[in-house]
Amino acid sequence: MDETRARITRDGIRIYEEADYAGMRAAGRVAAEILDQVAALVKPGATTAEIDTFITEEIERRGVISATIGYKGYKHASCISVNHVVCHGIPGAKVLADGDILNIDVTVIVDGWFGDTSRMYVAGALPRKAERLIEVTHESLMRGIAAVKPGNTFGDIGHAIQSYVEQNRMSVVRDFCGHGLGRVFHAPPNVLHYGRAGTGPVLEEGMIFTIEPMVNLGRPETKVLADDWTAVTRDKSLSAQYEHSVGVTATGCEIFTLSPAGKFFRTWE
Ligand code: MF3
Ligand code: CO
Ligand code: CO
């Protein structure tokens, strides 16, 4: 396709063509299938490095590319964020314990298209407080997605997420956001998970981006550890996240990263 003729809005957001959605579908599907597969590996006693190694090997076996290995010096095929880790947890020697909750985030490149998605998992039995957090986080993402249609704004997405989370007396992380993607990993706009209805760029058919709310049981503030990646809640409260890659259609949106196994929300069932 002729890159020079791609339309870019005044906010710097690329408008993709219908044919491009096929590329996103393929990439999103691979990322989602890998997240389906890892569910079997998440259990007490497993290390996050073992899970990441499986993901690396599965990406290789499928003949696709990890978007995160080599990205700004990152060395792994996934981010695995356990308990009070908000995002960008680095896989390593950490041994999962009964009741730990974790987000696994995978981004793959398939024929030049990026598929970016994450879900929550639990090792062993799910504590009730963590279950509520996970339910609210998933529902906040789905409410954000329900606001995606031409004529709505990015502020409508943020507002849908924030108002639902705060009604449930939890907090939305402000320090990280969703992003445009497509043939690149991170592009305009910043997709905020909070905001005022009717504000921000207007959604148009052909926009492709992620929505990936991070929700804390306690306060929203985060800090990044000395490894320069791992973001944690400042108050050590539990945090959860779900992420889909979506494209705006004429009447709403298409989710590229649906789980073929029907295991997006409750991965442990
Ligand atoms: N997948 C993450 C996102 O949702 C980005 C991870 S970048 C990494 O945007 F380098 F930390 F892997
Ligand atoms: Co993302
Ligand atoms: Co991601």
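How do α3 and α4 lie to each other, roughly parallel or roughly antiparallel?

I started with this pair in what is a predicted model, where local features need pLDDT of at least 70, side-chain atom pairs count only at pLDDT 80 or more, and totals for chains, interfaces and linings use all residues. Residues are numbered from 1 along each chain as written, chains are lettered from A and ligands numbered from 1 in written order, and side-chain values use heavy atoms, with hydrogens and water left out.

**Helix pair**

I looked up α3 (residues 128-146) and α4 (residues 154-167): their axes come within 8 Å and cross at roughly 155°. Axes here are lines fitted to C-alpha atoms over the stretch in contact, with angles from 0 to 180 degrees between N-to-C directions. Helices are DSSP runs of H or I, at least four residues, and strands are E runs of at least two, numbered from the N terminus. So α3 and α4 are roughly antiparallel (the label for angles over 145 degrees).

Next I noted who touches whom (contact means heavy atoms within 4.5 Å). α3 brings Val136, Glu139, Ser140, Arg143 and Gly144, while α4 brings Ile157, Ala160, Ile161, Tyr164 and Val165.

**Cobalt**

Then I checked the cobalt ion (ligand 3). Its protein donors are Asp105 (OD), Asp105 (OD), Asp116 (OD) and Glu243 (OE), at 2.1 to 2.3 Å. Donors are N, O and S atoms within 2.8 Å of the metal (3.2 Å for Na, K and Ca); water is not among the atoms, so sites may look incomplete. I also saw that Asp116 bridges this ion and the cobalt ion (ligand 2), 3.3 Å apart. Asp105 sits in strand β6 (residues 101-110) and Glu243 in the loop between β15 (239-241) and β16 (244-248), 138 residues apart.

Conventions
Angles under 35 degrees count as roughly parallel, over 145 as roughly antiparallel, 65 to 115 as roughly perpendicular and the rest as oblique.
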